[in-house]
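This report goes through the fold of the structure shown below. Please keep the sequence and the 3D view at hand while reading.

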Amino acid sequence: MSNANRSGAHDEEVVIRVEGLKAAFDDRTILENVTFDVFQGEVFGILGGSGSGKTVLVRHIIGLYEPAAGRVLIEGRDVATAQGEERLAILRRIGVMYQLGALFGSMTLLENVSLPLEEYTALPPDAIELIARLKLKLVGLEGFEHHMPSELSGGMQKRAAIARAMALDPAILFLDEPSSGLDPVTAAAFDQTVLRLARVLGITVVVVTHDLASTFTICDRVIMLHKEARGIIAEGDPHELREKSDNPHVRHFFNREAEEERATEPAGA
Amino acid sequence: MAELTITPPDGATRGLALAGRLDAHSLGPVWADAKRALAGSPDRPFVVDCSRVEYCDGAGIAMLVDLLGTERRPGAEVRIEGLREGFGRLLEQFDPAEFRAPPPPREAPGSVVERLGRAGRGVWVGLYALVAFVGEALTALAGALRRPSSVRWRDVLLVAEEAGVNALPIVALIGFLMGVILAFQSAISMRQFGAEIFVADLVGLAMTRELGPLMTAILLAGRSGAAFAAEIGTMKVNDEVNALETMGLDPVRFLVVPRMLAAVAMMPLLSAFAVLIGLLGGAMVMQLFEIPLYTYYLQVVNRVQLNDLFGGLFKSVVFGVLVAGVGCLRGLQTRTGASAVGLSATSAVVSGIVLIVAVDGIFAVVFYYLDI
């Protein structure tokens, strides 16, 4: 799907607002003065090299880390200061897939995916089981419902983690490096699933990724972080950034990958 | 909110109409009602009208899959009508028939004989692993004695600090209370015979020969044995142990030897400390029974011989080897996942305590025959 087709996919309603965020641990500043908005229904990419602070930024957005300065608003509510019921209300609206899966090792895959449904809905057990099975089917894990996470490969664990993050069909889905560890076919199928969820259900997706193919397929807009800048060096449509950005870091990031893609094209043909 | 209305019969067709938001938070009662309505018309075609559905997420799709997948008589199939195209595409991803049967069980539990066989094999494999580990550990320790420079002494000191120095407060507390309890309980009975002075003999002998080494070893098992298992187990889960192996470095030399050396060095010291504090506890109780401190001291010194002290210290060295060895073995046997680390730590403590008590019993018999 081309990006042009998706222009105007979101209705300009801000669901995540990051204002002047500073992320620091002790004396070490990772990010400073980071400001951007994420709109309803868009797939928003956070790009950047290793150590540029992508995961740190996401963890600030979802309220795991408290900003050293600035603030993060999710649907107008400050994540860092929200307490009790208000915090729970925010957390119910989001689903998070962690970089390493973070499945609960003492539960089967079915139990992992069922857990949020059991805790947050009044659905009967057989309905919960069916929903969990559908989610596992979506990520290609049908037949592994009763397996423990430790019995699966890293890629399969990651897919199960994606299924768990989607269990409640959250309004905002955070995906930290979803395609790493997935084979290309599953990664492409997953991209289509993300797109379908975003377009049909209006889910907002924030995806941290290194995968440029996935970025160009699913992301409406991206920001790019850079280690030396300690913040955002580019923001916008990924295709436009690739074609028009003057920033050498951005061009290097996109073009180097593009050259590798061209180099592998004949082999794949 | 999700709404459901049973549509009036239309000729031979029955059905229901869904409206509003079909999501996980609002579907609870609607789902059950829809299933009941479907079950109530087993022999007629059944139409689910979704034309007034505004929103349908994964839970709504699951309900439709559930309705479509319900087994029906021929000619009485379920049909979804009016579902918006986007939601329809979500629904098309699933084959309802596929979800009729429960998911396949992971593995058949097997017959009683099979399970007994598996359990027996598990015990055999465990024993084999234990023997292999003891062999490896002893070889590595012998290598360490031959070439002390090969030992990572910095690690030994760090473990010794954690397992030894940092354990002093808890060893002191337990040792003191053991001395107090032992003296108090025995003194009450002995007072009836005017034999309170022999409480010093009892406390001295019991703490030196048995309770000092035994209680210290149990504390070490609970504190450091579990820590060794959890630490090495986490390294195993994180592939750090594999990384050592693929670098050509022996995990036993790197992880086990420093811990065993530290435990062997610390256990007698901790045990002697526990004995001393226990004797102090006994002395304090004796003050209540009007036995002078010097009299108590003389009684203990005259009764407790050097071989009692060294016998106790020797036992504590053996206990140290057992606790550290079992802790490291369980750590290295850790499988994958956080729960496996917990199981290893638990197993290290349980196995450690069982071994300590069993070996202590053997020592009691051996010391009796050797007249120690």
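How many bridges join strand β3 (residues 43-48) of chain A to strand β9 (residues 221-226) of chain A, and do these strands run parallel or antiparallel? Five bridges join β3(A) to β9(A), and the two run parallel. Within this pair, F44(A) has R221(A) in β9(A) as its bridge partner.

## Basis of the model

This is a predicted model: local features need pLDDT of at least 70, side-chain atom pairs count only at pLDDT 80 or more, and totals for chains, interfaces and linings use all residues. Residues are numbered from 1 along each chain as its sequence is written, while chains are lettered from A and ligands numbered from 1 in the order in which they are written.

## Chain A as a whole

Chain A contains nine helices and 10 strands; helices (H or I, at least four residues) and strands (E, at least two) are DSSP runs, numbered from the N terminus. Its C-alpha atoms fill a box of roughly 55 × 55 × 35 Å along the principal axes. A compact globule of 269 residues would have a radius of gyration near 18 Å, and the 19 Å of chain A agrees with this. The radius of gyration is taken over C-alpha atoms, and the globule rule is 2.2 Å times the number of residues to the power 0.38.

Of the 269 residues in chain A, 45% are buried. A residue is buried if 20 or more other C-beta atoms lie within 10 Å of its own, exposed if 12 or fewer, and partly exposed in between, with C-beta atoms placed from the backbone. Among the contacts in chain A with a separation of 6 or more, 66% are between residues 24 or more positions apart. Two residues are in contact if their C-beta atoms, placed from the backbone, lie within 7 Å.

Strands of a sheet pair through backbone hydrogen bonds, either parallel or antiparallel. Here two strands pair if DSSP finds at least two bridges between them. Six strands of chain A form an open sheet in the order β6-β7-β8-β3-β9-β10, with mixed pairing. At the edges stand β6 (94-97) and β10 (231-236) of chain A; each has a single partner strand, so one side of each is left without a neighbour in the sheet. Neighbouring strands of this sheet are turned by 15° against each other on average, direction ignored. Helix α5 (residues 154-165) of chain A lies across β6 and β7 (172-176) of chain A and runs at about 175° to β6(A). For such angles, axes are lines fitted to C-alpha atoms, for helices over the stretch in contact, and angles run from 0 to 180 degrees between N-to-C directions.

Four strands of chain A form an open sheet with antiparallel pairing, in the order β2-β1-β4-β5. Its edges are β2 (28-39) and β5 (77-78) of chain A, each with a single partner strand, so one side of each has no neighbour in the sheet. Eight bridges join β1 (residues 14-25) of chain A to β2(A), and these two run antiparallel. F25(A) stands opposite R28(A) in β2(A). Helix α1 (residues 54-61) of chain A packs on this sheet, where α1(A) touches β1, β2 and β4 (69-74) of chain A, and its direction makes about 120° with that of β1(A).

## Domains

Domain bounds come from an automatic or database domain assignment. Chain A is divided into domain 1 (12-93 + 170-232) and domain 2 (100-169). Their C-alpha centres lie 22 Å apart. The contact takes 11 residues from domain 1 of chain A and 13 residues from domain 2 of chain A. Helix α6 (residues 184-201) of chain A gives four residues, the largest share of the domain 1 side.

Chain B is divided into domain 1 (2-99) and domain 2 (117-369). The C-alpha centres of these two domains of chain B lie 66 Å apart.

## Where the chains meet

In the contact between the chains, 29 residues of chain A touch 31 residues of chain B. On the chain A side, α3 (109-120), α4 and α6 of chain A each give two or more residues. The largest share, eight residues, comes from α4(A).

Helix α2 (residues 58-69) of chain B is mostly covered, with 11 of its 12 residues buried. Its buried residues pack against α4 (125-138) of chain A, and also against elements of chain B including β2 (13-22) and α1 (28-39).
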